[in-house]
Amino acid sequence: MNNPILRFFSSVRLTVACLVLGCILVFWGTVAQVHLGLYKAQNEFFRSFFIYGQAGDLKVPIFPGGYLIGSVLLLNLLVAHARYYKPGKRKIGIILIHFGIVLLLVGQMLTDALSIESQMHLRIGETRNFSEADRAFELAVIDTSGKDTDQVVAIPARRLAHSDEFTDPKLLPFTLRIKTYYANSSLMEQPMAGYEKPKITAGLGSNVYWREMPRETEMNRVDVPSALIEIATPHGSPGTFLVSGFVERPQAFQLDGRTYQMILRPQRFYKPFSIHLVEFHHDVYPGTDIPKNFSSRVRLQNLQTKEDREVLIYMNNPLRYGGETFYQASYDPDDGGSVLQDVRNPGWLTPYFSCVLVAVGLVWQFLSSLIPFLKRRAA
Amino acid sequence: MAVAVATLVLVAGCRRDEVQVYRLAKDQTPTEIPTMNTGALPPGHPDVAAGQESAAPLTWKTPAGWTEVPATELRVASFKVNKDGKMVDVSVIPLAGMAGTDEANVNRWRGQVGLSAVSADDLHKSGETVDVGGQPAQLYDITGTNPASGEKLRIVAVIQHRPDSTWFFKMTGDAELGEQQKPSFLEFLKSLKFSAAPAAQAGMPATLPPNHPAIGDMTAPPAGGPVSHEGQPGWQVPAGWQEIAGGQFLVAKFIIAANGAQAAVNVSSSAGDGGGLAPNITRWRGQLGLPPTDDFSATQIDVDGGKGQRVDLEGTTAGKPAKMVAVIVPREGQAWFYKLMGDPKVVDSQKDAFIKFVQSAKY
């Protein structure tokens, strides 16, 4: 194997270099998190191929990001394995170890790509069949003309940030023109310094002022977007609306004999089943305020599979159902409601498998050296 | 293979931007905002004047002399009171999420009546707890002058943090009429009934849950509990001190209970010098029912990185005897306030532990 490229990608030096870069990246990212905020630091440092810096007007890559280091490590492991592989009983251990690590890396990449986390906030007595994203918003355009059902077209707010308009005749008989989009915003009823009056022609009306706000960096604060959107059709427009994550009520308009509602809300994930909060308990150690246990008794109903059962969800005892896991995450300060964290992660088992593989591989490798050694000594 | 995974990651990222389309059975959608073009309410809109329908998310009892005006724009309810040519306007506005800190909002209202901003600490003291729909809320009574017209203007504002949103109840207008109408305003707030949220109510919790796991991370679920340690210096908490949620303005709060009596330790910080020794001593004396004095002496104690100012005071709160030990720790650009206050016996027994606690704080 004299190909210099293959030699490079299979070298141990590359492994060491990647690990060192990885250490630097973790340290730098941890420190950067202080002023960037957890979410932004994660995205910029770890969920990226490069970390970019500014050189005048250009964005230049200045350091490899998490994806790049991870990918190179994975490639390095695979190429080195291919280069040095010699079949043999003694080598089974090494193969298992390597495969375990490959599975770990691949599993984590899949988790990052595919997992979705959301929340279900239920007041006692409330039933919900959807969960909401923590930070992602969506513009829901709902056709309410039907007698029994509504048709929802949910456009992720990220798309509003990147495009000037949204047109899809298959979904909506009109074009949404995004005149202005603020990823983080503030709304006021009175004119204040820095606030402008958006050119609204329908919906919220004249006593609203808005401004763009800098993105939130603190962990427990979230960006709340607002946007000025015009509904455009070839023969006129029902108006230009201000939609905002702050406004919980939808705004309605009519077009061609159909009625629609529009609302900017946290992204919703609807499920084929519903969860009803029967009871919520916040237990404290007697005589103190120290929390002992949080538990939610919920009723899980799935009309399609005819399931209807009660489940107790409490700390370290989540509900696993329908490919999703519901954890007891938080609660309302008046103890009248519970917040469940809903995690959908198809790759959740990979770390367990990879740990087992690596452990077995290590034991095998150790034994395959130990046993001959002991035999030689006995001889 | 690495290339394949990398491609999958990119593709999945694009998938997150995909538009979702689905059909839902009709549920109770929240009351729509009336369209601006028509003066009348859109057809099918619940009668606003009634406000008593069980389907409406909010019901109340309208006080005598208050004229209800149609809810529009951001307002869920809106009233006007006219007497002898004077006027006040009452609004109820819910905003999803946190909608700014209480300090930011109150200082904004103070600015509207030509008053200067106050610090978070002073704000906490000036707020009055009132009942809104059976739950506590903070009331701020602000009187000043309208910078534009020179008229005396009063804003009585109540902020209530509800699970999904922050509700603002404001009575704005002529200062005297506002004073007159304040009891009616308080009655109105008590009469509010928030019905159980229907399935369709959107909105996010007022804060993300504590110990929120990183997005995409697979770590074990969080332990739960309202105490957040964000922004706290590293310190050693003495035995017997229970930390509870500090709320908006405190960095930390501890309760010490012994033999049926209790004391509390509040830790807060302010930008700059936090006002300096004199105004804070005056404020603390006020909290113990003591008159202001000219004596602003304090004992200097050693703390991490310098010296702190310690003040010992004795007085009464709510008719009962109380003691206080307060320490100001000035640091570059920020001042930290530590206050032990409560039952005299508990304070006496905890004094030394408190000073040790203050000294153990590393910033």
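1. B:Glu68 sits in strand S3 (residues 67-69) of chain B. Its C-alpha atom is 4.4 Å from that of B:Phe79, 11 residues away along the chain.

2. A word on the source: this is a predicted model, where local features need pLDDT of at least 70 and side-chain atom pairs count only at pLDDT 80 or more, while totals for chains, interfaces and linings use all residues. Residues are numbered from 1 along each chain as its sequence is written, and chains are lettered from A and ligands numbered from 1 in the order in which they are written.

3. Now have a look at the sheet in chain B. Seven strands make an open, antiparallel sheet ordered S11-S12-S13-S17-S16-S15-S14; strands pair if DSSP finds at least two bridges between them, and strands themselves are DSSP runs of E with at least two residues, helices runs of H or I with at least four. S11 (242-244) and S14 (299-303) are the edge strands, each pairing on one side only.

4. Within that sheet, S13 (residues 261-271) and S17 (residues 334-342) of chain B are joined in the antiparallel sense by nine bridges. B:Asn266 has B:Lys339 in S17(B) as its bridge partner.

5. Over in chain A, H2 (residues 12-36) and H4 (residues 66-84) pack with their axes 10 Å apart, at an angle of about 160 degrees. The two helices are therefore roughly antiparallel, the term for angles over 145 degrees, on a scale from 0 to 180 degrees between N-to-C directions.

Key:
Parallel < 35°, antiparallel > 145°, perpendicular 65-115°, else oblique.
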